[in-house]
Amino acid sequence: DYSGLFGNVYSGSTIKNLTVKGTVSGGVYTGGVVGYNQGKMENVTFEGTVTGDGNYVGGIIGYNTAVLQNISSSGTVTSSASYVGGVIGENTAKIQNVNNKANVTGSNASSGTAVGGIIGKNTSSANVFNLVNSGSVTASKYDQVGGLIGLNNGILKNSFTTGNVTAKAYVGGIAGQNSSGTIVNCYNKGT
């Protein structure tokens, strides 16, 4: 649990101008850079493989509660649990200018929920904009699966995806399920 270059980053911290390349594997709260993030992040890139067997797995961050900008991820992100994103497993904060090229896979053979090209779950306190995804999202036994966000309860603006999405139910090019959220000026060119 709490796996990444940094397992847990506390409030008041800042991560800036960082590139990470490699392989990360863990359980709950697994990210290529941070497992559980409460600090600001700017100009951060991850290239590699992230694998998790617990909830909250992301290419950059497993679980995020802080402001992020200029973030990018490439490679592969795979989890056998829920809340999986190419960049963030679950997000509760403001993020902007995020690019994902990582292919995302929900690998549980029976069921799972909330898998997205950028974010697995975007909560009601989250405000995200300028997201771009070109990675594929494959979660054949999962529901709430989307090209940008799996389950959206927050605000999503000015974003697009070209990645293909495959899932069991509640499948969307932009969001798998928009429960109580707002989506503005977003488009999908994937299938």
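Biologist: What percentage of the 191 residues of the protein chain count as buried?
Modeller: Of those 191 residues, 54% count as buried, where buried means under 20% relative accessible area, exposed over 50% and partly exposed in between, with a 1.4 Å probe and protein chains only. This is a predicted model, in which local features need pLDDT of at least 70 and side-chain atom pairs count only at pLDDT 80 or more, while totals for chains, interfaces and linings use all residues. Residues are numbered from 1 along each chain as its sequence is written, and side-chain values use heavy atoms, with hydrogens and water left out.

Biologist: How many helices and strands does the protein chain have?
Modeller: The protein chain has zero helices and 21 strands; these are DSSP runs numbered from the N terminus, with helices being H or I of at least four residues and strands being E of at least two.

Biologist: Which side chains meet in a salt bridge?
Modeller: The structure holds one salt bridge, and its partners are Lys 21 and Glu 47, at 3.9 Å from N to O. The term stands for a side-chain nitrogen of Lys or Arg within 4 Å of a carboxyl oxygen of Asp or Glu.

Biologist: And what does the pair tie together?
Modeller: Lys 21 lies in strand 2 (residues 14–26) and Glu 47 in strand 5 (residues 40–52), so the pair ties together parts that are 26 residues apart in sequence.

Biologist: Is Lys 21 buried or exposed?
Modeller: Lys 21 counts as exposed, at 62% relative accessibility, whereas Glu 47, at 33%, counts as partly exposed.

Biologist: Changing topic, what does the C-alpha trace span?
Modeller: Along its principal axes, the C-alpha trace of the protein chain spans about 35 × 35 × 25 Å.
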